[in-house]
Amino acid sequence: MTPPVLGRVVATERRPNTPHEFHFWTALDAPVGIGTIVCVESTRPVDGVLPRVYGVVTEGFGYTDLQTPLHDVLGADGEPGASAFAPTERTEIRLYTAAVLRQVPEEPLQPVPMGTVHLATEADVQAALRMDAYVGGAAPRGIPVGVYRAGGTEAAVHLDADFLLGPEAAHLAISGVSGLATKTSAVQWLIASTFAHLPERKGRVAAVCFNVKGPDLCFIDQPAVRLDDADRALYESLGVPAAPFPRVRYFAPWHARGTHLATLRTHEALQDAVTPLTWGLRETLQYAEVLLNKEDIDAKADALIDFIKERVVEQRFEDDLLARPHTVRSFADLEAWFKELLQAMEASNREQWRTHHIATMRKVRNRLGNFSTRCKGLVTDDGTVSDLPFGAFEDRTVYVVDVAQSEDDAQALVFARVVSQLREALEKRALGVDQVIVFVDELNKYAPSDGADTFVRKMLLDIAERGRYLGLVLFGAQQFRSQVHRRVVGNSATQLFGRMDADELATPGYQTLAPATKARLATLEKGQLMVRHPHFGQPIFVRFPRPAVLTGRDGVERFPTAAVPTLEMAVTQALRRLDPTITVGKVQDVLALAGDDEEGILRARNRTLLARPEQPLAYFKKQLTTRVAAEVVGRAGPATLRTPDPADDLYG
Amino acid sequence: MRAVLRALRASGLGAAPTGAPLELQSRGDDPPRLETVTPLEGDRLAVRQVPGAPTAGLRAFLDGIQRSQVVAHAGTVPLVHGAVAAAVRCRDARRLRTWGAPRRREALLLPGTALSPALVTALAAQVPVLDTTAGDPAAPAATHPQELTARALTAVQRMREAEELALVAAWVSDGDGPLLVDGGISGSPEGARDPRVIGVVKSHRTLYAPAGAVPLVLGLREGERTTAVALHSPRRNPVASWYLRLRDAQGRAPLFGLVRVEVAPLGDLTARADEVSRWLLAERTPVALPDARWDVMVYGIRECEQYLTAILR
């Protein structure tokens, strides 16, 4: 059935139609607005085919037959209220400008013809956005991003998985003002949608989400408390379960005190799911560049650090100056190595050791030695390693790395190492999944458009430019897109926009948007997004449901943060996760043996947690007096690049 | 217009619209004059303040437009394309919509006595032709071209009036509520007898007042009217008429804001004239600017004219 006529195409010499833009008028009460998708039907065939043009409304005009406002003033005798009593309303027009989404047939590409304008039906929306190429059919790969709603039409809008996760294009950037743009919610929804809809033939997928502020991502394994019927209906219509993520693993460094994890997810009922994130010397030294500034890493210091990495760490090291062989596995070992070496040099009045000057050695000792202080809780002196399960990532699982309470140095180190490890593992096809979504909030902080060229920014640029071939996909969120490095946002094939700041909209990056579209962006409701995607000829407005997970704010109310525990309680709580029969009394008895060595007690607890022994208390007791080498996760496997499926690529 | 041009070219005439529309070339040549009248309220023409507040009472507005232009010459004889349209715009919930269908007509106007019968026949076979000399035995075979264009213009005016009168008759037959006609209604047998039809005359080359009463008419203040008078004409239908000042003319020309109203001479004319005057005073807003006649034109008529202009293009 042909939908009712909404309007008529008009063109004048002053305001002509073009192949990419047309104008139409409607009745005053027509259900059309900025973002509405319309369809033009021409009655004049071209090459025997009646052209059909799809467009999205980008601008609207309304005016009357008044030549100047002064005429209305005269007519109303200067009394604004008088016009309301006029027996006739002035002739008024609603004139809209629409940007062409698609012309069928695509050739010859001509100016939009005169014709009637209709509201797009669901099928029209699918055709207008070229979704017919990847939604449905024998090999569907659509990922629902939301629902387009206008004039009674409701249509699911899908992204193309090949352009969201690679290999054709990849990455997503979401922008908008804090609190109103619902950036985190949108990403949570899109990850859930991806997990639900990515076809099995596209491989296994996981998500690594960096929680960088407050409790944002701390409760995504818990059901939402604010999901209403409208949200549930959206979930149902888009085929995504209205449920929290079934598989979530949390990682957080220890608090600087070491008694508890530095996360807001410390409620007793949820503690089990948080794994400590601690790294030792080897893990940290590999990314020393993150923690060292330009003055630190001059050529001489760099040479010494390389020497330590290659010749000292994780191997037996002997030297004439050293009284004993050293095997450096931890910062404590490294400090002992430096101490003995420097003392020996001073005793023999030597300024040079193996081409390294004593001043350089002292400087490097100082800089490396304070890593564990600057990143206390994350970097351990003793080399204990508790890491993400690189190599054993599971399909459709979210790995939340909570660094919200960490200092900037520690956050940068976590980003650098986790993402680099993901990249290395994906290159070797040894991660456990074929593609990983990496969600980084506050991208303008980590990949700024100006400022120093940091390791983290270089790493994010690398992902943005080459990640799609590996399956390493960046979902970046930022308040101001203009303040993120243009190569990062420029390589994001999919761009989402929540409510935008007016000043941000005035920046050059938004010049292509019509003023009315900008005005709509500046007033978008929560739950609405503007979507740019390679298949869409123009930006489209969609609505998405609230995430079916507990928000950070609700989470901290439902699961209040536990009080900072005493040393005894910290050990008891940790060991009870392995053996619920362990009591404070039993722990106190064991701790009595250790005296005041708090660091030793915490080290023993950490090792016990890592080993997960059958007799935790006995193991813990043994650790109090024994030093154990750091556990290391193995890495192996050949490198393989992802390329487009030849069956999908006509030009392959 | 295109069909007319094609027909002319097919007949071997170089056809193209030339010059300005005849309506712009021709000015009213009738000399201004005074006409004596018969008072219907009292025994002489008097001034009366319209009582009560202006109220919206009109339901519809009728107007017609015309366009005529020389499109070819057969020798020295001008051939004129004429097009007319008329419509009733009906008011519903303060918005105007076309009542029924607008009436349109176009024709090629030519002086049959000045052209070869073969040419007239050939053109008539292709487009509607109107002979401006038909039925006029005194029409010359050859004369001044401007007289011929004047004849064509008169014929186009008659075409327009005919369409307007047809619409008045249709409204009297099927319409609902008071209809305001742009111009007099004495030419319409149906309109001049129906209390629902009201004519408003905006031009005053003829003032219906005795010489001594002219200052009284031109001295009307905003919201005042003259008493009603009867207008009689041998070729027209009798109507009741009065002058009404729509807008304050202080400091302006004496005719500023002055209209003459025509209604059927039925019933209590004082009450009727007061009621119709209140309706017209209510129509001062929205103002009909930027039309040059905005002081005497109600918005409904201007809107109707805009509509007709759009459909006649």
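Predicted model: local features only at pLDDT ≥ 70, side-chain atom pairs only at ≥ 80, totals over all residues.
In chain A, six strands form a closed barrel in the order β1-β2-β5-β4-β3-β6, with antiparallel pairing. From one strand to the next, the twist averages 45°. Strands of a sheet pair through backbone hydrogen bonds, in either a parallel or an antiparallel arrangement.

The axes of α19 (residues 567-576) and α21 (residues 598-611) of chain A come within 10 Å and cross at roughly 10°. Because angles under 35 degrees count as roughly parallel, α19(A) and α21(A) are therefore roughly parallel to each other. On the α19(A) side, the contact involves A:Leu567, A:Val571, A:Ala574 and A:Leu575. These meet A:Glu598, A:Ile601, A:Arg605, A:Thr608 and A:Leu609 of α21(A). The residues of this helix contact comprise six nonpolar, one polar and two charged.

The contact between the chains takes 14 residues from chain A and 16 residues from chain B. On the side of chain B that touches chain A, β6 (95-98) and α7 (299-312) of chain B each supply at least two residues. The largest share of that side, four residues, is contributed by α7(B). By residue class, the side of chain B that touches chain A consists of eight nonpolar, three polar and five charged residues.

How values were computed
Residues numbered from 1 in each chain as written. Chains lettered and ligands numbered in written order. Contact = placed C-beta atoms within 7 Å. Nonpolar A, V, L, I, M, F, W, Y, C, P; charged D, E, K, R; others polar. Pairing = 2+ DSSP bridges. Axes fitted to C-alpha atoms, helices over the stretch in contact; angles between N-to-C directions. Parallel < 35°, antiparallel > 145°, perpendicular 65-115°, else oblique.
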